[in-house]
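Here is a short walk through one protein model. Keep the sequence and the 3D view side by side as you read.

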Amino acid sequence: MKKYNNVLGKLYKPASLIYRKKLAGGIYKLKKYKYSKYNYKYTSNNHTYIYNTLSGMNAEVNSISNIKLPEKNNIIFSEGLNEQLHSAGILLDSNVNEELLLTQLFYNYENNGELFLIILPTEQCNLRCIYCYEDFKNGIMSTSVQENLLIFLDSILPHYKRLYISWFGGEPLLAVNIIEKLSAEIIKLSVKHQIDFHAGITTNGTLLSSEIFERLLNCRIYDYQITLDGAKETHDKQRINVNHKGTFDVIYRNLLDMKKSDKQFGVILRTNISKETTTSLYNYIDNIKNDFGDDKRFMLHFVAIADLTGTLHTTIDLCDTYCLFQYYKYAKSIGISFDFYKSMFKPTGMICYAANPNAMVIGSDGKIYKCTVAFNNPVNTIGELKNGKALIDYEKKLLWEQNGFETSIKCTTCKFSPICFGKFCPLEKIINKKEPCPPFYKYINTYLQLMHK
Ligand code: SF4
Ligand code: SF4
């Protein structure tokens, strides 16, 4: 029953309290249940499972033919099967209102007490990746913007229980001194306001020497996203430095050095995939398995390069999410785990931070944005830090936050909605006026199989 520790809170009661009433004489009463609208059936290694997107849990059903479907939508199972499926939210008491549960889930998500800030200590970068959408106009964060940020945080933190900061850029490690200075002050504020604080960073990894890594851990930066675009020969064509030189060797060396640490941290090894990258991807996967496969802190992640803003100024040959599966399959077959994908497929796991009312991006010049992809789109600049305050254009802010399941019939009737709520990419919604479905939606069964042990 411990499994009921999910975002739905008290609305789901443990099955034992709801229906497992033992009658005199030790006979269990059979009750009518309904089959949740949010069930996905899939098979893995000849076993059949159902995953419920609203509870985020799955259960095995050895044979779906065990399920008797009586009149209307109500169904009765054998006792053992009932309990397992009921615990996973796959079967519900017939009077449960799933729309209400969905709304409650979203309310809990928006009111989870976490302030999420993405901070750009600099917008400069030492690389010139061929698919990059940034223009590097702004430099490092000025002292006055830093001061404004800290005054603003001091005023707003009493309203929160947790603060999560994601350092971003440009290349944030070009301004590692600013990260350290701000982190030291933020740690003091977190003590003053008695809130939890930790952080992550998206870095190209070229400057992440052992010494810098230790300094970052002292700033409570425990989550790392570092990109390798496949093997050296493809990476060095796509992720070049300002002098047009490849960067694979230095990043790989830094990753191997990180592995020597005995500290707790996690690295997502993001692999951007285009048709070019796939030419040597099997070798790359073998190397990752050999060098990092024994260390759960390193997690391999494939992403099909997408033209999110319609401005990709390169002749890069894009590939669909579907083309990733042969590589996932191979990686899994040699023992690479994709367990961490479970957090994406959990309820609310694919809502973009740009749709989160408690999330914002602070530019190095003090401008406030919602999304890290479209800095040049005026709709993305929702305010600025001034005199220690965040001056926000709330009409613009709402454009990013109010869409999806509140307004779209497509989303309200979709069984994937507890995961993305139609808020996978508010930018695309603003540009194209319709909710884009996550690429994972179409292939959920394949991903469910992938995550299965
Ligand atoms: S709004 Fe879209 S483009 Fe912007 S960060 Fe979210 S998913 Fe990415
Ligand atoms: S965006 Fe697509 S996948 Fe998400 S809830 Fe709407 S219809 Fe479903």
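The shell around ligand 1 divides into ten nonpolar residues, no polar and no charged. This is a predicted model. The residues around ligand 1 include Cys 352, Cys 371 and Cys 425. Tyr 353, Trp 400 and Phe 424 are also among them.

Turn to ligand 2. Its shell has eight nonpolar residues, two polar and one charged. Among the surrounding residues are Cys 411, Cys 414, Cys 420 and Cys 437. Lys 410, Ser 417 and Gly 422 are found there too. Helix 12 (409–412) and helix 13 (417–420) each supply at least two residues of this shell.

Phe 416 belongs to the surroundings of ligand 2. Phe 416 is also one of the residues with the most contacts inside the largest nonpolar core, which has 103 residues. Helix 5 (residues 176–192) gives the largest share of this core, seven residues. Where does the core lie? It lies between domain 1 (2–106) and domain 2 (112–453), because both give residues to it.

Phe 345 is another residue with the most contacts in that core. Beyond its sequence neighbours up to four places away, Phe 345 touches Phe 416, Tyr 447 and Tyr 51, among others. A second, separate core has twelve residues, including Leu 54 and Ile 351.

Finally, look at Thr 234 in helix 7 (residues 232–238). Is Thr 234 buried or exposed? Its relative accessible area is 5%, so Thr 234 is buried. Its side chain reaches the backbone oxygen of Ala 231 at 3.0 Å. Leaving aside neighbours within four places in sequence, the contacts of Thr 234 include Asp 229, Glu 276 and Ser 280.

Methods. Residues numbered from 1 in each chain as written. Chains lettered and ligands numbered in written order. Predicted model: local features only at pLDDT ≥ 70, side-chain atom pairs only at ≥ 80, totals over all residues. Heavy atoms only, no water. Near = heavy atom within 4 Å. Helix = DSSP H or I, 4+ residues; strand = E, 2+ residues; numbered from the N terminus. Nonpolar A, V, L, I, M, F, W, Y, C, P; charged D, E, K, R; others polar. Buried < 20%, exposed > 50% of the residue type's maximum accessible area, 1.4 Å probe, protein only. Polar contact = N/O pair within 3.5 Å; in protein donor to acceptor, adjacent residues only side chain to side chain. Contact = heavy atoms within 4.5 Å. Core = buried A, V, L, I, M, F, W, Y, C linked by side-chain atoms within 4.5 Å. Domains from an automatic or database assignment.
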